[in-house]
Amino acid sequence: MRILIVGSGIAGPLTALSLERAGFTDIVIAERNEEIRGLGVGINLLPHAVREFTELGIADRTAALGVEPSTLSYYNRHGQRIWSEPRGRAAGYDWPQLSVHRGRLQVELNELVKERLGGVHRLGRRLIDVQGSTAVQGSTAVFELSDGSREEITADIIVAADGIHSAARKLRFPGEGDPIWSGLTLWRGTAFVEPYLDGATMIMVGDADQKFVAYPLGPVRENGTQLINFIAERRCEGLPGADWNRQVEREPIAEFFEGWSYGWLDIPGIIRSSEELLEYPMVDRDALPGWTFDRLALIGDAAHAMYPNGSNGGSQATLDARTFAYRLATADSIASALKAYEQDRLPSCTALLALTRQTGPERVMQLAYERAPEGFSDVHEVISQEELETIAADYKRAAGFHPDSLNARSSLNARVAK
Ligand SMILES: Cc1cc2nc3c(=O)[nH]c(=O)nc-3n(C[C@H](O)[C@H](O)[C@H](O)COP(=O)(O)OP(=O)(O)OC[C@H]3O[C@@H](n4cnc5c(N)ncnc54)[C@H](O)[C@@H]3O)c2cc1C
């Protein structure tokens, strides 16, 4: 069975690795870029994703690329702590959480694909059409090459892992339009700074109108500094274009955060010392009624682009890839495998998308702001412990990573019958 994957971002190589683990070897990955360049900044893989990396046998390689955050803590604009929880193994999971540079992760995943499957990448191929996706004949993908010529690749199944601007999704939903803007703009960057708190804590400071997120991406170096990833976020007028690689000046963004310095953390200082600053609108897409169409399946952001609240982009893509391979290995037909994949993943992602639009677990920050805009001496004066715990636990259940259910769930490892 030939499976064509479109896109070599995160979902694409993970689908290839999952299919290989399940016994499928006739795989092609087509990517529009001429080379696999590791782009982006930090990304978090939650324990449910790291479990899949472990069962794919790639966790050691990817763990070496990042760090395991010990704690997640939320603060208001005055630097007062609202909520703090252990993460990963410290929270009772059998698997850690991993903070990693997306570019390094993308390169490593594609390298692992080459090691396990050989030369399956076809670069410089931009998907422009999918023809003849019928339940019996398979599909033909049409690609445009950089010289303007076209190439067709026919496969039994096409898996579209072509991201938030997915061409395959647009072909199926031509009236959908651009991604939907939340009104917030994100500025992402990395900086070498002196470690804050224990050197392994992910922090979120602010509220729904302005926020700063930071987490370490590497160990403390000999000179005492540590690489961190940060995201500065603010409600703004005017939608910036949804291009992941747009660079902007640091100073105007640092000025938005003037005064957000608390002794243990100097937010404007971090922004000013960043290596580069990438501007991106906080956008998502509405939930779809279906992700599979005869022999075509959407996966990752192509199926369910969400806001980054709660670190879902890479983690949900991982679950998609593993579920897809599991269903293909265990179903009695391609049609039933694709439907089972959709039934396993679409309802939970639809529910999660709705939660991320309500800011997900970060809702505690907005509640603290609404109830005590000038700050508090004790957070329990404004939000009870029970309410804080409920918000955190509800989100973990919805995102599929509550420790009780995750540790008990059966494995998605399966082998196709020969
Ligand atoms: C350049 C870039 C930087 C990013 N940076 C971050 C970040 O810093 N932090 C974060 O949390 N998330 C980032 N993301 C998003 C994150 O990778 C996704 O949310 C998540 O990992 C799901 O990945 P995906 O593989 O579904 O989509 P993506 O990671 O977006 O990958 C899609 C892939 O498909 C390719 N592609 C697109 N259209 C076509 C086409 N027509 N034909 C062929 N190939 C096509 C793209 O070049 C890309 O390689 C970034 C995405 C990109 C593309």
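This is a predicted model: local features need pLDDT of at least 70, side-chain atom pairs count only at pLDDT 80 or more; totals for chains, interfaces and linings use all residues.
Local features were taken into account where pLDDT is at least 70 and side-chain atom pairs at pLDDT 80 or more, whereas totals for chains, interfaces and linings use all residues. Residues are numbered from 1 along each chain as its sequence is written, and side-chain values use heavy atoms, with hydrogens and water left out.

Helices (DSSP runs of H or I with at least four residues) and strands (runs of E with at least two) are numbered from the N terminus. Strands of a sheet pair through backbone hydrogen bonds, either parallel or antiparallel; here two strands are taken to pair if DSSP finds at least two bridges between them. An open sheet of six strands has the order β8-β2-β1-β12-β20-β19, with mixed pairing. Its edge strands are β8 (121–122) and β19 (292–293), each of which pairs on one side only. Within this sheet, strand β1 (residues 3–6) and strand β12 (residues 157–160) run parallel and are joined by four bridges, and I5 has V159 in β12 as its bridge partner.

Another open sheet contains three strands in the order β3-β7-β4, paired in the antiparallel sense. Because β3 (42–45) and β4 (66–67) stand at the edges with a single partner strand each, one side of each is left without a neighbour in the sheet. Four antiparallel bridges link β3 to strand β7 (residues 98–101), and V100 in β7 is the bridge partner of I43. Helix α4 (residues 102–117) packs on this sheet and touches both β3 and β7, its direction making about 85 degrees with that of β7; contact here means heavy atoms within 4.5 Å.

The ligand is surrounded by 30 residues, of which A11, E31, R102, R188 and D301 are the closest; a residue counts as near if one of its heavy atoms lies within 4 Å. Among the polar contacts (pairs of N or O atoms within 3.5 Å), a polar side-chain atom of R188 lies 2.7 Å from a nitrogen atom of the ligand. A polar backbone atom of I10 is 3.0 Å from a ligand oxygen atom, and an N or O atom in the side chain of R32 is 3.1 Å from an oxygen atom of the ligand. The protein covers 92% of the 910 Å² of accessible area that the ligand has on its own, as computed by the Shrake-Rupley method with a 1.4 Å probe. The elements giving two or more residues to the shell are β3, β9 (126–134) and α9 (313–330), and α9 provides the largest share, three residues.

Finally, the axes of helix α11 (residues 363–371) and helix α12 (residues 385–398) come within 10 Å and cross at roughly 150 degrees; these axes are lines fitted to C-alpha atoms over the stretch in contact, and angles run from 0 to 180 degrees between N-to-C directions. In this contact, R363, V364, L367 and R371 of α11 meet E387, L388 and I391 of α12.

Terms used:
A polar contact is a pair of N or O atoms within 3.5 Å; within protein, one must be able to donate a hydrogen and the other to accept it, and residues adjacent in sequence count only if both atoms are side-chain atoms.
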